[in-house]
Amino acid sequence: MSTLPYWHVDAFADRPFAGNQAAIMPLASWLPDATLQAIGEENAFAETAFVVRDTTGAADWELRWFTPTSEVALCGHATLAAGHVLLGEHGGDTVTFRTRKAGVLEVRRTASGYELALPVTQVEKAEFPSLLSALHVSAPLFESVSGAEQTTIVLLENESAVRALNPDMRALTNIDRMVICTAPGDETD
């Protein structure tokens, strides 16, 4: 049996057992997609990020993200977590990632943590009653008209409303798209 490197990182956290968890797995070369998916399922995190040295010259590493059920086009917290691992292991102040659908992403070390520049996604106001019902909220929705994959953004009133979300996960399995619930933060954008 072979072994693979593995890190469990809590992104957006200043202490253990907080923030958004992600598994980070640097590989020497790509494993078959079915194996990557099986590892993502076994890890059971929102995302498992796999990285392989980029040989195209476009970036330092190639990056892919797998949920327990599918590959996704973009994941911010797992990208930050991958940057944290690779900058810690290899040094430097920046690391770049070539992705299959989101372009080249860069994680930069700062005095207070890390920064990540994400691609701009154009959106327009939309209606999606079944999503709001599954989330148990009433809020404006926005659909992506550009970007890596179909995304719906739910704009809640404040940070407390995001933290209080208690969605119907079974109902969400019938919604075939990326959903982002967000709000103005108490201390951040």
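Predicted model: local features only at pLDDT ≥ 70, side-chain atom pairs only at ≥ 80, totals over all residues.
I started with Ala44: at 55% relative accessibility it counts as exposed (buried means under 20% relative accessible area, exposed over 50%, partly exposed in between, with a 1.4 Å probe and protein chains only). Ala44 sits in the loop between helix H1 (33-43) and S3. Helices (H or I, at least four residues) and strands (E, at least two) are DSSP runs here, numbered from the N terminus. I looked at the backbone of Ala44 as well, and phi is positive, about 60 degrees, although Ala44 is not a glycine. Most residues other than glycine have a negative phi.

Residues are numbered from 1 along each chain as its sequence is written, and side-chain values use heavy atoms, with hydrogens and water left out.

Phe12 went on the list for its phi too, which is near 60 degrees and positive in a residue other than glycine. I found Phe12 in the loop between S1 and S2. Is Phe12 buried or exposed? Phe12 counts as exposed, at 59% relative accessibility.

S1 (residues 7-11) and S2 run antiparallel and are joined by five bridges; two strands pair if DSSP finds at least two bridges between them. I checked one partner on this side: Trp7 is bridged to Ile24 in S2. On to S3: S2 pairs with S3 in the parallel sense, over five bridges. There I noted Ala23, whose bridge partner in S3 is Thr48.

How many of the eight residues of S2 are buried? I get six, so strand S2 (residues 20-27) is mostly covered.

**Rings**

I then went through the aromatic rings. The structure holds one aromatic pair. Rings of Phe, Tyr and Trp (its six-membered ring) pair if their centres lie within 6.5 Å; planes under 30 degrees apart count as stacked, over 60 as edge-to-face and the rest as tilted. For Phe50 and Phe66 the ring centres are 5.7 Å apart and the planes are at 80 degrees, so I logged the pair as edge-to-face. Phe50 is in strand S3 (residues 48-53) and Phe66 in strand S4 (residues 61-66), so the pair ties together parts that are 16 residues apart in sequence. Phe50 is buried, at 0% relative accessible area, and Phe66 counts as buried too, at 2%.

Trp30 was my next stop. The charged end of Arg64 sits over the ring of Trp30, 5.2 Å from its centre. Arg100 also lies over the face of Trp30, at 5.8 Å from the ring centre. The test I used: NZ of Lys or CZ of Arg within 6 Å of the ring centre and within 35 degrees of the ring normal.

**The S9-S12 sheet**

Which strands form the open sheet, and in what order? I found four, in the order S9-S10-S11-S12, with mixed pairing. Strand S9 (123-126) and strand S12 (178-182) are the edge strands, each pairing on one side only. S11 (residues 151-155) pairs with S12 in the parallel sense, over five bridges. Within that pairing, Val154 stands opposite Cys181 in S12.

Ile180 is partly exposed, with a relative accessible area of 38%. Ile180 touches Thr151, Thr152, Ile153 and Val154, not counting residues up to four places away in sequence (contact means heavy atoms within 4.5 Å). Ile180 and Ile153 are 27 residues apart along the chain, but their C-alpha atoms are separated by 4.8 Å.

**Whole chain**

I counted five helices and twelve strands in the chain. Of its 189 residues, 35% count as buried. Residues 24 or more positions apart make up 49% of the contacts with a separation of 6 or more. The C-alpha trace spans about 45 × 40 × 35 Å along its principal axes. A compact globule of 189 residues would have a radius of gyration near 16 Å, and the 17 Å of the chain agrees with that. That radius is taken over C-alpha atoms, and the globule rule is 2.2 Å times the number of residues to the power 0.38.
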